[in-house]
Amino acid sequence: MDYRVLLIDDDPIIRKVVGLTLEKAGFVLQTASNGTEGINILERGDFSPDCVILDIRMPKISGIEVLSRIRKKFPLIPVIMLTALTDIEIAIDTMRRGAFDYILKPVRKVQLIETVKKAIRYREIQLENERLVKENLEYQRSLERKVEERTRELLMAYKKLKEANLETVKVLAETIEAKDPYTRGHCNRVRILSSEMASVIGLSKDRIESIEYGALLHDIGKIGIPENLLHKNGPLTPEEAEKFHQHTIIGDNIIKDVDFFKSCRKIIRGHHEWYNGKGYPDGLSGNQIDISARIVAIADSFDAMTSTRPYRTARSLDFALEELVKGKGSQFDPDLIDIFIDREIYRSIFPLRDTEDSTAIHS
Ligand SMILES: [Fe+2]
């Protein structure tokens, strides 16, 4: 390979002697008689040298100034300074300013060629390093792009999975309601009320989502309760009540092995627990009952009261709210009741109720 050397020196004899030595050694040479000419050659780009030999003492622009310009604009081209013995301190200083090396005049051929070869090798290593850094950077970028793409795909797949799950839950909720036409739309209204309440008290998006699923599925265990019991027109006997209470445990058992719905278990099992510990199935009280179950308990009771049931017609809004207040601290979490009433959470289902079930409310 032909390596190119640019020699910048104002002395024509040096240009000739050094030039001949380099050409004899196989280098392609270009000369310049002053700094400006040398810089022009570099800037034109038609002769890209692998190394520059630069005289320190020159008229107009000094070698030191030319060195600084080359370092700034062409940092990968090594510069060898040519200097007289009297200027050796300046030569050493140029190395601090980025010169690759210096050669003393009179120039010794062997030293000249060795120094130029070293400089060119140094440049090759620099270029190779730069290439590797660039390659590495490109590789990193392509990895980042792949990660981004994969993340997008995963998010999309997750979104689809969630949509499919929601559909499954809705179908399950409809299955419960199909057993009991009086509860038509009940699960969805409980979902809306619970979601609204969870959002008002500042629960996270994920938590709200799992509360929505749990609200839709809260009575899934009714699948295991005989229909004559579900449709009974009148109060339940203690034995029947005992059997009916099982729907919380049956529901929990149905859902407990489905990983996606595990977060709903506390709602399904706990939505009939009472704040004072007198509910079922576990007799939990206060904060022992998960907040999601305490929320759904209120939404469930409110919607049950304001819906027509086999044994009675829908109660008025005022009646239902009064009942909730009566249950503060006994059946229901008192703080959540305050929020339900003060923030008029119940309003979130009324527009639906008016169109969906005209018999449901007459307040
Ligand atoms: Fe229930």
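Let me start with H272, which at 19% relative accessibility counts as buried, where buried means under 20% relative accessible area, exposed means over 50%, and partly exposed lies in between, using a 1.4 Å probe and protein chains only. Please keep in mind that this is a predicted model, in which local features need pLDDT of at least 70, side-chain atom pairs count only at pLDDT 80 or more, and totals for chains, interfaces and linings use all residues. Residues are numbered from 1 along each chain as its sequence is written, and side-chain values use heavy atoms, with hydrogens and water left out.

H272 is one of the protein donors of the iron ion, contributing NE2, and the others are D219 through OD, H247 through NE2 and H271 through NE2, lying 2.1 to 2.3 Å from the ion. Donors here are N, O and S atoms within 2.8 Å of the metal (3.2 Å for Na, K and Ca), and since water is not among the atoms, sites may look incomplete.

Why does the pair H247 and H272 tie together parts that are 25 residues apart in sequence? It does so because H247 lies in helix α9 (residues 238-255), while H272 sits in the loop between α10 (265-270) and α11 (291-305); helices are DSSP runs of H or I with at least four residues, numbered from the N terminus. H247 also counts as buried, at 0% relative accessibility.

Turning to the cysteines, a disulfide is a pair of cysteine sulfur atoms within 2.5 Å, and by this rule the count comes to zero. The sulfur of C187 is 12 Å from the closest cysteine sulfur, in C264, which is too far for a bond, and C187 counts as buried at 3% relative accessibility.

Key
Helices (H or I, at least four residues) and strands (E, at least two) are DSSP runs, numbered from the N terminus.
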